[in-house]
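Subject: Structure handover

Hi,

Here is the structure for your set. My notes follow below it.

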Amino acid sequence: MAKDTLTVTDNRTGKTYELPIADGCIRSMDLRQIKTGGDDFGLMAYDPAFLNTANCKSAITFIDGDKGILEYRGYPIEQLAEKSTYLEVAYLTMNGELPTKSQLEDFVHKVTHHTFIHENVKSFMDGFRYDSHPMSILASTVAALSGFYPDAKHVKDRATRRQQMIRLIAKMPTIAAFSFRHSQGLPYVYPDNELSYCGNFLAMIRRMTESKYKVNPVLERALDILFILHADHEQNCSTTATRVVGSSEVDPYSAVAAGITALYGPLHGGANEAVLRMLREIGSVKAVPEFIKRVRGGEGAKLMGFGHRVYKSYDPRAKVIKRTADEVFEVTGKNPLLEIALELERIALADDYFVQRKLYPNVDFYSGLIYEAMGFPVDMFPVLFAIPRTVGWVSQWEEMITDPEQKISRPRQVFTGAKKRDYVTIDRRG
Ligand code: SDX
C-alpha cells in the first residue's frame, strides 16, 4: 500500500532511512539523522538561491507557474483586477477574506487617515541630493520610520502589528510622492483625504498651483489595477528578504526596508525600469532582430521583462497589464516604444532560445510603458512596484511572526575555505 514516505539508502553505510512526505516536501531536518559515524553532523540539503526549498507555509498567494495561475487568498488575479480595488485587495491579503461593506469602509478610513508623515521626515528626505534614485530615498525613509514609532518593536502584540501595517500601507504613497517631488525640485504636496488611494497618490505627484487636483478617472483606475497586480507574489526575493530580516523580531519598518532594497535590483522590481532603458536602447522595430541576436549570442544582454523563476508560461499579470495599456493610451496617446515591445515579444515567443528556456513576458515587461505614458520618470518605476507590494510584505511578515514553526532565519553553509592553520608573522609571509 502506497505510503507518504521516502525511503533512502545511504550507500556509504548501507543504512536505510524512511522520511515522511508532507505537502509535497520532506523536512530538511529529517536528513540530519543520516550520518556515517558518531561525529558526523548529518546530511544537509544544498540549495543555492533556494531553487527547490520551501522556507515557510503560507496561505496568502498561490501561483501555478506552468499554468500561469495567480490567486490571492483563492481569488484569481484576473477577477480581482476586473472587479476589486487595491485597498479591498489589501484587506483581503491581510485578513484572508473579502471585507463586508462596513469592514471596507473602516479599513479605507484607517488608511486614509494615516497618510501623513511626521514633519521631521521631510528634513530627513531633504538631505538627499536632488538626483538620488527614489528607491534609495524610499528604502532609507521607511527604515527611518522605525525611529518615529518605537512601539513598533512589540511585534508579538497584534494591535501594535496591525497599526504599523496600516501606517506602512498608508504612508508609502506619501513617501514615494515626496521623493519624486524632491527629485524634481518641487514643493511637497500633502495628502488629500477626499481622494482615493490612487487618486491621492497622483495628486501628490502632479498637483501644482491648483487648489484641488483633478484626477483623470481612467489613469486612476489603471493605477489601481496595476497596484492590485503587484500586491503580492508569494516568496519572491523581496518578500523573502522581509521575512528573513523580520525573523530577528526587528520592527516591520526595518523589515520592509529590506524588502524595498531587494526589490530595487534589476533582476527583481528594478526590471520595469531596465525594460524601458532597453527599449530606448533598441530604438526602433527594425533594430529588434539584432538585439535578439545579442541576447541569444550570450553577450550578457538579457531581454529584461522576460523570464521568471516560477512562471514557465505567460505571467498572468502581464496579460492584464497589456490590456490596461490600451485603455491608458486612449488617454495619454500611445507610447511609441510599445511597437518595439510588441515586436520583441512576437520574435521572442517564436524563437527557440526563449521557447526552450520557457521565457515569457513577466509583470515588468509592459508596466513601464504605462508608467511612462502616465508621465512618470523611469527611476520612479520600481517605486510604483514597491507601493502596492507593501501590503504583500507586511502580510507575509505578520504570517511569519505568528507562525509557531518559524524562528530566526539562520541557514547553514558548505565550508570550502582553508583548513586550520597557524598564524604566520608578517616577516615570514610572501
Ligand atoms: C519580478 O519571484 C517573483 O515572483 C518576482 C516577481 C514578483 O512579483 O515579485 O514576479 C517580480 O521580479 C519579475 C522578474 C523581473 N526580472 C526581469 O525581467 C529580469 C530579466 N529576467 C531574468 O533575469 C530571469 O529570468 C529571472 C531573474 C527573472 C529569473 O531567473 P532564474 O529563474 O534564476 O533563471 P536563470 O537566470 O537561471 O535563467 C535560465 C536560463 C539561463 O540561460 P542558460 O544559462 O540556461 O543558457 O534562461 C536565461 C538564462 O541566461 N534567461 C534569460 C533571461 N532570463 C533567463 N536570457 C535572456 N533574457 C532573459 N530575461
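Domain bounds here come from an automatic or database domain assignment. The model is predicted: local features need pLDDT of at least 70, side-chain atom pairs count only at pLDDT 80 or more, and totals for chains, interfaces and linings use all residues. Residues are numbered from 1 along each chain as its sequence is written, and side-chain values use heavy atoms, with hydrogens and water left out.

Domains. The protein chain splits into domain 1 (70-269 + 380-401) and domain 2 (272-373). Their C-alpha centres are 26 Å apart.

Interface. Contact (heavy atoms within 4.5 Å) links 24 residues of domain 1 with 23 residues of domain 2. The two domains bury about 1900 Å² between them, 71% of it on carbon and sulfur atoms. Buried area is the accessible area (1.4 Å probe) that two parts lose on being put together, summed over both.

Polar terms. The rule finds 0 salt bridges between domain 1 and domain 2; it asks for a side-chain nitrogen of Lys or Arg within 4 Å of a carboxyl oxygen of Asp or Glu. Polar contacts join 4 residue pairs, both at pLDDT 80 or more. Such a contact is a pair of N or O atoms within 3.5 Å; within protein, one must be able to donate a hydrogen and the other to accept it, and residues adjacent in sequence count only if both atoms are side-chain atoms.

Elements. On the side of domain 1 that touches domain 2, helices H1 (77-83), H8 (217-229) and H17 (381-401) each give two or more residues. H8 has the largest share, 7 residues. Helices (H or I, at least four residues) are DSSP runs, numbered from the N terminus.

Best wishes
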